[in-house]
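I am opening a notebook on a structure that is new to me. My plan is to look things up step by step and write down what I find.

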Amino acid sequence: SPRDEDIAYNLDIAKSRIPNLIEPPELLIIDSLNMVFDNFTYRNFIFLTSVLVLMSSILFILYKIRPSQSNRRVYYFLLFLSFISLALSIDRFIWIKNNKFGIIISENADAYSAPYVNENIKICKKIGFPVLIKASAGGGGKGMKIVYKESEFDDLFATAKSEAQKYFGNDEVYIEKFFQNPRHIEVQVLSGKNRTVHLHERDCSVQRRHQKLIEETPSPILTDDIRKDLFERTVNMVSKIGYEGAGTVEFIYENEKFYFLEMNTRVQVEHPVSEMITGIDIIKEQIWIAFTGNTALKQSDIVPRGHAIECRINAEDASKNFQPSPGTIGMCHQPSGFRTRVDGSIFQGYKVTPYYDSMVCKLICHGRNRTEAIQRMKRSLDEFVIEGITTTIDLHKKLLEHKKFISSDFNVSWLDNEKII
């Protein structure tokens, strides 16, 4: 059942909204009850309705067998509660099915706005504009909208929910602070019942439209003290939640401060750079944890060496705002050599369709230091030949030559604000 403080809080919201609504009383009643029972889903209400109907039926039989005024009153009272519960279950189903935060229940109720719209604005003001609306079930930049001022909120909120429903089948979104010049830094972890270990950090700040293009480890901008503090906090957090398996804890880094972003409870695209510098097969370790419940590694077993960079090779035309480039691959020659790795399954005659993510493979290079890793990556990109479709290979060549990348003077908005190709 809802907590007392939640009921009081939602009733306060209802009281504050009542003078501003021009709605029929029945809608106000349902709306207010919906806020009071906010923790209930429509399935909870259906179950409650079933129980009430069953109790009403039993009382009706008792009333027929032994008529009495008290049985009659209780029967009608339970019947009334059944209808209210059924109405709430139907309303909650429509509310969730369409748009929990903005549905107009009545066709003629133009002045009606569903609960939490005003609360969202309050949250935004408390956090401070600009804010970022994100799909809770999403990733890859889908269902994400930046809101710079209050007047933009309603339209962008609706768009974010629509995209979330379209791409992930779940329109639930949340609001967080949007940072102007952040870096995206994440920590790879392996956690079992016995302990949690980290495989150091990855810097994934070269992005376009919130999708990563280049990842590297270690981050060129972190000091040893900041890095140590980040690892301790991350391991402590993952240990306390009892997580088991491979995972990645993502952070926004700005002005020498870290802000928790999210945890990806899976193996990520960029995991090979961590494997290259540690020599640890993350997939193998993940399977071992799933099999035994424990991680076989100790933190002392993990000794990173050198620097690794990954370039995502996408079937996109960067010169045309990253327009997808589906088609059939003609000639296909992949680079190879010392400390060079290609993850993918493309080949001559492979058909790239427009229906899925545009990434066709990943190129990973390892060096004794960042300069050597960059040089090896440039050589490998020169060897890489994919004909028949347009890819991001030429973009990566230009990025690796760019003075901002060489000096690591960039943030996640770099490619959105500056045309490279």
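**Entry 1. Ground rules.** I call two residues in contact when heavy atoms of theirs lie within 4.5 Å. I also note that this is a predicted model.

**Entry 2. Valine 187.** I looked up valine 187 and found it in strand β4. Valine 187 is buried, because its relative accessible area is 0% and the cut-off for buried is under 20%. Which residues does valine 187 contact, leaving aside neighbours within four places in sequence? I listed His198, His200, Glu201, Leu230, Phe231, Thr234, Gly247, Thr248, Val249 and Phe251. I then took one of these contacts, phenylalanine 231, and checked its distance. Valine 187 and phenylalanine 231 are 44 residues apart in sequence, yet 7.4 Å apart in space from C-alpha to C-alpha.

**Entry 3. The whole chain.** I stepped back for an overview. I counted 13 helices and 17 strands. The chain has 421 residues, and 46% of them count as buried. Among contacts with a separation of 6 or more, 64% are between residues 24 or more positions apart.

**Entry 4. The cores.** I looked for nonpolar cores next. The largest has 32 residues, and Val206 and Ile313 touch the most other members. I noted the elements that give two or more residues to this core: β6 (211-217), β9 (307-314), β16 (359-367), α10 (370-383), α11 (393-401) and α13 (414-417). What does valine 206 touch, not counting residues up to four places away in sequence? My list reads Gln211, Lys212, Leu213, Ile214, Leu399, Phe405, Phe410, Trp414 and Leu415. There is also a second, separate core of 13 residues, including Leu222, Leu230, Phe231 and Val238. Leu230 and Phe231 were already in my notes as contacts of valine 187. In soluble globular proteins, nonpolar side chains tend to be buried together.

**Entry 5. Threonine 196.** I found threonine 196 in strand β5. Threonine 196 is buried, with a relative accessible area of 11%. I looked at the polar contacts of its side chain. One, of 2.7 Å, joins threonine 196 to the side chain of serine 191. Another, of 3.1 Å, joins threonine 196 to the side chain of serine 239. Not counting residues up to four places away, threonine 196 touches Val189, Leu190, Ser191, Val235, Val238 and Ser239.

**Entry 6. Helix α9.** I turned to α9, residues 282-292. Which of its residues are buried? They are Ile282, Glu285 and Ile289. Aspartate 281 caps the N-terminal end, with a side-chain oxygen 3.1 Å from the backbone nitrogen of isoleucine 283. Just after the helix, glycine 293 takes a positive phi of about 90°.

**Entry 7. Aromatic rings.** I searched the whole structure for aromatic pairs and got eleven. Phenylalanine 153 and phenylalanine 157 have ring centres 5.1 Å apart and planes at 25°, so the pair is stacked. The two are four residues apart in helix α6 (residues 153-168), about one helical turn. Phenylalanine 179 is buried at 14% relative accessibility, while tyrosine 259 is partly exposed at 33%. I also found a cluster in which ring pairs link Phe251, Tyr253, Phe258 and Phe260.

**Entry 8. Cysteines.** How many disulfides are there? My count came to zero. Cysteine 332 is partly exposed at 21% relative accessibility, whereas cysteine 361 is buried at 2%.

Key: Residues numbered from 1 in each chain as written. Predicted model: local features only at pLDDT ≥ 70, side-chain atom pairs only at ≥ 80, totals over all residues. Heavy atoms only, no water. Core = buried A, V, L, I, M, F, W, Y, C linked by side-chain atoms within 4.5 Å. Buried < 20%, exposed > 50% of the residue type's maximum accessible area, 1.4 Å probe, protein only. Disulfide = S-S within 2.5 Å. Polar contact = N/O pair within 3.5 Å; in protein donor to acceptor, adjacent residues only side chain to side chain. Phe/Tyr/Trp six-rings, centres within 6.5 Å; stacked < 30°, edge-to-face > 60°.
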